[in-house]
Amino acid sequence: MKISIVGGGNMGGAIARGLSTCDLFRPQDITVINRRASKTAEIQGFNPELQAVTGDYSSLATADIVVIAVKPWMVEALIKEHLTGKRPDRQIVISVAAGISLEQLQTWAGKDRALYCAIPNTAIEVKQSMTFITGLNATEDQNRLVLNIFGALGKAELVEERLLGPATTLCSCGIAFAFRYIRAAMEGGVELGLYPQKAQEGVLQTLRGAIALLESNGSHPEQEVDRVTTAGGITIKGLNEMEHAGFTSAVIRGLKASNNG
Ligand SMILES: NC(=O)C1=CN([C@@H]2O[C@H](COP(=O)(O)OP(=O)(O)OC[C@H]3O[C@@H](n4cnc5c(N)ncnc54)[C@H](OP(=O)(O)O)[C@@H]3O)[C@@H](O)[C@H]2O)C=CC1
Ligand SMILES: O=C(O)[C@@H]1CCC=N1
């Protein structure tokens with residue numbers, strides 16, 4: 001099975017790096033097509049067995065799967081120039097472009113082709129993405145294949161198209177929000193006297209612990225908060241101060257702003 005990824009930037013490059021460490025494709029069957037040579041060289045440097053090429057679209061003629069990972073406003077031109085009318089029956093086209101709909105893909109690529117919108121996050125590089133997927137004209141076998149690919153790169157779920165935008169905000173933009181929380185906590189830790197590296201290690205392990213507890217106990221976050229907040233203790237004082245400063249509200253407002261694009 002051969003896969004061609006058009007666009008070797010943050011997302012296309014991350015997908016290629018993640019895929020090259022899975023067993024699903026041989027590295028030589030993964031082609032990354034980038035516009036300029038600098039990123040092509042970066043990808044080739046990561047794994048010399050990957051096929052990283054600059055402006056050479058010939059692999060699209062034989063790819064079983066094409067992943068489109070260029071900026072959203074470039075998708076239409078790319079499809080029309082390189083995919084319309086070619087191999088419509090068997091080839092699966094997956095766009096990871098945020099905000100591009102299945103209807104748009106179908107208009108540009110043609111009616112009889114299996115099409116997907118899939119939105120991963122950058123943790124796909126380390127096989128820890130949360131990827132939401134929605135498809136059109138796809139068979140059950142094709143759905144299984146696409147879920148299998150993204151499932152090997154983290155967690156993957158098929159959703160109705162109407163949920164793809166909110167899911168993108170929560171999990172794809174969301175990884176940036178998580179990084180910003182980590183940075184804020186680290187800065188606080190440093191102000192309290194911890195060295196930055198210790199602060200980062202501490203925050204990361206604390207988050208790992210929080211995730212493990214929620215998953216192991218099947219609990220709601222607030223139940224776990226209750227187990228930490230001693231009455232009159234120091235945790236509730238910190239939490240209330242954060243809420244006075246608008247913590248929950250800031251997160252919700254940020255999510256809504258992202259979602260409204
Ligand atoms: N970054 C993220 O976290 C996420 C991004 N996405 C989606 O992924 C897509 C790509 O985003 P991102 O990776 O961040 O953007 P980048 O700018 O990092 O990457 C886009 C890449 O596409 C290349 N490119 C542009 N036009 C062509 C072309 N015609 N042929 C081949 N390569 C081309 C660019 O090459 P060059 O640099 O040489 O110009 C660049 O390397 C977007 O549609 C975005 O919505 C989805 C989920 C998460
Ligand atoms: O910010 C963006 O538009 C892209 C899509 C989701 C994550 N990054």
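Which of the 26 residues around ligand 1 come nearest? In this predicted model, they are Gly7, Gly9, Met11, Arg36 and Ala97. The briefing below covers the surroundings of both ligands, the sheet, and a domain annotated in UniProt.

**Ligand 1**
- The shell around ligand 1 comprises 13 nonpolar, nine polar and four charged residues.
- Helix H1 (10–19) and strand S2 (30–34) each contribute at least two residues to this shell.
- H1 gives the most, with three residues.

**Ligand 2**
- Ala98, Thr168, Ser172 and Cys173 are the residues around ligand 2.
- Two of the shell residues are nonpolar and two are polar, with no charged residue.

**The sheet**
- An open sheet of eight strands runs in the order S3-S2-S1-S4-S5-S6-S7-S8, with mixed pairing.
- Strand S3 (51–54) and strand S8 (154–158) stand at the edges with a single partner strand each, so one side of each has no neighbour in the sheet.
- From one strand to the next, the twist averages 20°.
- Strands S5 (residues 92–95) and S6 (residues 114–119) run parallel and are joined by four bridges.
- Val93 stands opposite Leu115 in S6.
- Helix H1, which supplies residues to the shell around ligand 1, lies across strand S1 (3–6), S2 and strand S4 (65–68).
- The direction of H1 is at about 165° to that of S2.

**Annotated domain**
- An unreviewed UniProt entry places the feature "domain: Pyrroline-5-carboxylate reductase dimerisation" at residues 161–259.
- In the model, residues 161–259 are 83% helix and 0% strand.
- The end C-alpha atoms of this span lie 14 Å apart.

Key: Residues are numbered from 1 along each chain as its sequence is written. Chains are lettered from A and ligands numbered from 1 in the order in which they are written. This is a predicted model: local features need pLDDT of at least 70, side-chain atom pairs count only at pLDDT 80 or more; totals for chains, interfaces and linings use all residues. A residue is near a molecule or strand if its C-beta atom, placed from the backbone, lies within 6 Å of it. Ala, Val, Leu, Ile, Met, Phe, Trp, Tyr, Cys and Pro count as nonpolar, Asp, Glu, Lys and Arg as charged, and the others, Gly among them, as polar. UniProt positions are given in the numbering used here, feature names are shortened, and annotations may be inferred rather than shown by experiment. Two strands pair if DSSP finds at least two bridges between them. Axes are lines fitted to C-alpha atoms, for helices over the stretch in contact, and angles run from 0 to 180 degrees between N-to-C directions. Two residues are in contact if their C-beta atoms, placed from the backbone, lie within 7 Å.
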